[in-house]
Amino acid sequence: MPDLANERVDHRFKALPPDAEGLTVGELAAQRRNLFTGGFTTPVLALSAESVEHNLRLLETYAERHGLAFAPHGKTSMAPQLFDRQLAHGAWGITAAVPHQARVYRAHGIARIFLANELVDAVALRWLAAELDADPGFRFVCYVDSVRGVELMDEALSAAGATRPVDVVVELGAGEGARTGARTEADCAAVADAVAATGTLRLVGVAGYEGEVPDADGERVRTWLRRLTALAARFDAAGRFDPAIGEIVVSAGGSAWFDAVAEVFAELPALSLPVLRLLRSGAYVSHDDGHYRKLTPFNRVPGEGALEPAFRLWSQVVSRPTPEQAFTNAGKRDAAHDLHLPEAQVVRDGHTGEIRPADGITVTGLSDQHAWVRTGEGAALEVGDWLGMGLSHPCTAFDKWQLIPLVEADGTVVDYVRTFF
C-alpha cells in the first residue's frame with residue numbers, strides 16, 4: 001500500500017507553501033502551519049477537519065440506527081485517506097464506478113468493492129480475475145443489466161482462466177428514460193438466467209439507483225424501491241440464490257433519498273438467507289453549500305441530525321475596477337461549477353486578518369482563473385482581501401485538487417488529503 005505521508009511536496013500540488021518544497025507530506029503536516037499565515041498561496045481549497053469528522057460519525061450512526069450496511073461511493077473524493085476513515089466509521093466497503101477507480105482502491109488495500117456498473121471491458125476483467133485469484137479475502141460485487149453483458153463477462157473471464165466466480169447483482173432500471181439497468185422484471189429474470197448459465201459469474205442480489213427515477217419525489221422513489229425489494233424476494237422464492245453465497249445483497253442509495261431507502265429496506269420480509277441492505281451514498285463526507293444542502297434527506301428528517309458543509313475555497317481579490325465589481329483569482333480550474341456557482345460566505349481582511357461575513361458580495365460568474373464578483377453598496381472588499389466561498393457538488397470539487405489541506409476551525413492545517421482522479 002502506498003505511503004501517502006512520504007510523498008514529496010513540490011510544484012505538482014496547487015497552493016502549498018513554496019518553502020515546503022522537498023518536505024514529505026507527513027513532515028509538512030507535522031508543522032501544523034496556519035492556512036492564512038503559513039505560506040499558502042491562493043486560491044486554496046480547504047476541508048474542515050471538524051465537519052468531516054462530524055459527517056463521518058453522522059452517517060455511521062444513521063446506518064446503525066436503520067440496520068443498513070454502507071459502501072460510500074468513492075468517486076466523490078477518490079481519496080484513500082477518507083476511505084480509511086469511512087471504513088473506520090463502519091463502512092462495509094467502498095463503491096466504484098469504473099475500473100480505474102477499483103484499481104486505485106486495491107492499490108490502497110480496499111478489501112471490499114461494489115462496482116455500480118456492468119463491467120464488460122475484457123482487460124479490466126482479466127485484471128479483476130487476477131486480483132480475486134491472488135487474494136481470497138477480496139470481495140467484489142458488480143452490476144449486470146443485460147444478457148449481452150453477461151456473455152461478454154463470461155467470455156473474458158473464461159479466457160482469463162478465472163478460478164473464482166465474480167459476484168453480480170442484477171440492476172433494475174429506475175424507469176423509462178432513466179439511466180442504466182434492465183427495464184422490466186422480465187428483463188431482470190432473463191439476465192439472471194444468463195448468469196446462471198455461466199460458470200464464471202454468481203448471482204448474489206439485486207441493486208439500482210433511485211436517484212434516476214424520472215420526476216423523482218418521495219412516492220415515486222418508494223414505489224421503485226418496493227419494486228427492487230420485491231424483485232429480491234421473487235428471485236429468492238424462485239431459488240435463484242445459491243445458499244453458498246451466505247447473504248443476499250440488496251443495494252440502492254445515493255445522497256438524495258437514503259431516508260426512503262432506509263424506510264423501504266426495513267420493510268423487506270425475511271428471505272432464505274440474511275440480507276445485506278447496502279447503502280451507497282458518497283457525498284456526505286464533505287456535503288456542500290448548494291446541491292446537497294438542498295437535497296439532503298436530513299432536511300426531511302431533522303431529528304436524525306444534519307450534515308455540515310466541509311469545503312471552503314479561499315481566493316484573493318486581485319482587481320477592484322469599479323465600486324460594483326471585483327475579481328478574485330479562483331475560477332473554473334479551482335471551483336466546482338457544474339451545478340451552481342460558488343457562494344461568497346466570508347472575507348478575511350488583507351490588513352488585519354479579521355474574518356467577517358461576506359455581506360453584499362455575490363459570485364456572478366467564473367472564467368478559467370477568475371471569479372466575477374458583484375459588490376453591493378457599502379460592501380467591504382478590497383484588493384488583497386481573501387474571499388472564502390462555499391461550493392456546490394463535491395464530486396466536481398475534489399477532482400480539481402490533488403492535495404487538499406485539512407484545516408481546523410482556527411486555521412491550523414492538521415493533514416493533507418491526497419486525491420487520485
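Author: Strands β10 and β11 form a hairpin, with 2 residues between them. The model is a predicted one, in which local features need a pLDDT of at least 70 and side-chain atom pairs count only at pLDDT 80 or more, while totals for chains, interfaces and linings use all residues. Residues are numbered from 1 along each chain as its sequence is written, and side-chain values use heavy atoms, with hydrogens and water left out.

The names of the elements come from DSSP runs numbered from the N terminus, where a helix is a run of H or I with at least four residues and a strand is a run of E with at least two. Strand β10 covers residues 311–322, and strand β11 covers residues 325–328. The two pair in the antiparallel sense over 3 bridges, and two strands are said to pair if DSSP finds at least two bridges between them. At one of these positions, T322 stands opposite Q325 in β11.

V317 counts as buried because its relative accessibility is 2%, where buried means under 20% relative accessible area, exposed means over 50%, and partly exposed lies in between, using a 1.4 Å probe and protein chains only. Although V317 and F327 are 10 residues apart in sequence, their C-alpha atoms are 5.7 Å apart in space. Not counting residues up to four places away in sequence, V317 touches A326, F327, T328, L381, E382, V383, G384 and D385, where contact means heavy atoms within 4.5 Å.

R33 lies in the loop between α1, residues 25–31, and β1, residues 44–48. R33 is classed as buried because its relative accessible area is 14%. Its side chain is joined to that of D19 by a polar contact of 2.7 Å; such a contact is a pair of N or O atoms within 3.5 Å, of which, within protein, one must be able to donate a hydrogen and the other to accept it, and residues adjacent in sequence count only if both atoms are side-chain atoms. Leaving aside neighbours within four places in sequence, the residues in contact with R33 include P17, L23, F40, G411 and V413.

Elsewhere there is an open sheet of 8 strands with parallel pairing, in the order β2-β9-β8-β7-β6-β5-β4-β3. Since β2 and β3 (94–96) stand at the edges with a single partner strand each, one side of each is left without a neighbour in the sheet. Strand β9, residues 275–279, has 5 of its 5 residues buried, so it is largely enclosed by the rest of the structure. Both faces of β9 are covered, with V275, R277 and L279 buried on one side and L276 and L278 buried on the other. Strand β2, residues 69–70, runs parallel to β9 and is joined to it by 2 bridges, where A69 has L278 as its partner. Strand β8, residues 248–252, also runs parallel to β9, here with 5 bridges, and V249 stands opposite L276. From β8 the chain crosses through helix α9, residues 258–266, to β9, and this β-α-β crossover is right-handed; that is, with the strands pointing away from the viewer, the path from the first strand over the helix to the second runs clockwise.

Finally, helix α4, residues 99–107, has Q101, A102, V104, Y105 and R106 as its buried residues. What covers these buried residues includes α3, β3, β4 and α5. After α4 comes G109, whose phi is positive, near 85°.
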